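Dear colleague,

My notes on the domains and the ligand follow.

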Amino acid sequence: MKPIEEILERENKLSAYDLLGCRHHFPVLRQQVNGKPLVYFDNAATSQKPQVVIDTIMRYYQEENSNIHRGVHYLSERATRAYEAAREKLQKFINAASYEEVIFVRGTTEAINLVASSYGRTNVKRGDEVLISALEHHSNIVPWQMVCEEKGATLRVIPMNDKGELQLDQYEKQLTNRTKIVAITHVSNAIGTINPIKEMIAMARLRGIPVLVDGAQAVPHMKVDVQDLDCDFYAFSSHKMFGPTGVGILYGKKSLLEAMPPYQGGGDMIKSVTFEKTIYNDLPNKFEAGTPSIASGIGFGAAVDYLKNIDMQGVATYEHELLTYATEQLSSIRGVRIIGTANEKAAVLSFVIDGIHPHDIGTILDDEGIAIRTGHHCAQPVMQRFGVPATARASVAFYNLKDEVDVLVRGVHKVIEVLG
Ligand code: C6P
């Protein structure tokens with residue numbers, strides 16, 4: 001690999017923002033793995049963290065550590081202010097109308113479970129339908145399956161074509177007066193398709209059907225404005241957008257959240273408790289029972305501050321260039337087949353190699369210092385649709401380089417040499 005500065009200087013010319021500066025913010029990327037410079041292409045699983053996020057978490061434990069919303073002492077008030085400031089940063093980041101619409105959860109999975117449990121169990125009845133898509137991650141399938149099973153409702157699935165694009169003509173027909181909620185992913189984690197969710201939300205809205213969007217793979221790669229999308233719920237995880245693990249956001253429209261029963265009971269979600277009756281707290285606390293991951297919430301705020309200084313349109317353009325380049329390079333190798341060839345894709349490149357198991361691809365690439373994910377990516381129905389048990393998946397972030405794509409391509413040649 002060429003000296004990093006030389007590569008970055010060249011890459012910088014390609015991008016609309018200061019890539020040179022950005023890459024240096026991620027200390028983990030400076031290391032060698034198996035004697036080779038680390039090439040991190042597993043960003044869809046979790047992204048790396050900039051120094052400012054790491055420092056914020058460390059400072060919290062060194063200077064602020066205390067429980068929030070509970071104490072009148074200095075540290076508790078300081079921690080509470082920092083945690084609530086993070087909520088406001090997130091509110092602005094997704095352009096939610098109010099901080100009350102921004103619920104801290106453990107991550108995308110918990111956000112969807114919250115809606116399925118609270119909204120779903122209240123509103124889905126026998127004979128109703130819940131509509132999801134063929135591109136969903138298990139966390140936007142299983143919670144709905146559980147509700148449907150319990151209530152005697154039916155789970156319907158919007159089909160996709162051979163490129164991995166949802167079939168909107170079918171979707172239109174599937175929206176009926178039995179449909180109680182639509183739950184769709186913004187970007188597929190398994191094959192990278194960007195769904196036309198604004199259009200899909202508008203189609204559901206015409207029939208008065210609420211829409212939950214799984215934004216786990218969208219928020220790190222593009223500007224998301226929940227008011228512009230007009231979605232009812234939007235779920236995402238901090239750890240995929242350069243923040244810490246253990247925290248995420250459920251955005252929900254205030255009128256819906258107010259009408260929903262609490263998801264879990266415990267401390268902080270109450271105004272008063274007697275053995276006879278509990279009065280629940282106002283939004284957002286009504287959905288935040290127990291001590292949250294305070295350091296992670298504050299670190300999440302630091303990640304949002306970091307992203308605010310980055311041109312997200314520039315990120316989307318640059319990542320698109322990387323993805324296009326990687327797609328061209330990999331698909332020109334004999335025996336390599338790209339899984340998912342939608343016209344609109346973000347950050348994810350899934351592929352298989354004739355006669356070689358994806359796990360073996362992952363192992364040989366790891367020897368070269370390259371981190372990718374192999375397996376079903378928690379999206380088994382997507383694998384079934386394409387008739388493969390698993391894929392190798394390279395997923396990019398804005399700190400990745402074209403030169404790293406070249407390393408990946410050389411690695412794939414090696415895989416074929418060794419195992420083909
Ligand atoms: N996908 C991947 O490697 P959590 O685990 O709650 O932060 O996110 C769950 C989730 C939900 N929806 C989508 C579209 C996702 O991609 C993920 C997480 C990771 O693809 C881990 S399985």
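The C-alpha centres of domain 1 and domain 2 lie 28 Å apart, the chain being divided into domain 1 (4-30 + 311-419) and domain 2 (54-308), with bounds from an automatic or database domain assignment. To their contact (heavy atoms within 4.5 Å), domain 1 gives 34 residues and domain 2 gives 29 residues. This is a predicted model, in which local features need pLDDT of at least 70 and side-chain atom pairs count only at pLDDT 80 or more, whereas totals for chains, interfaces and linings use all residues. Residues are numbered from 1 along each chain as its sequence is written, and side-chain values use heavy atoms, with hydrogens and water left out.

Because both domains give residues to the shell around the ligand, the ligand lies between them. Of the 18 residues around the ligand (a heavy atom within 4 Å), T109, D214, Q217, S237 and R373 come nearest; by class, the shell holds four nonpolar, 10 polar (Gly among them) and four charged (Asp, Glu, Lys and Arg) residues.

As for polar contacts (pairs of N or O atoms within 3.5 Å), oxygen atoms of the ligand are reached by a polar side-chain atom of T109 at 2.5 Å, by a polar side-chain atom of S237 at 2.7 Å, and by a backbone N or O atom of T108 at 3.4 Å. Taken alone the ligand exposes 510 Å², of which the protein buries 87% (Shrake-Rupley method, 1.4 Å probe).

Best regards

Technical notes
A polar contact is a pair of N or O atoms within 3.5 Å; within protein, one must be able to donate a hydrogen and the other to accept it, and residues adjacent in sequence count only if both atoms are side-chain atoms.
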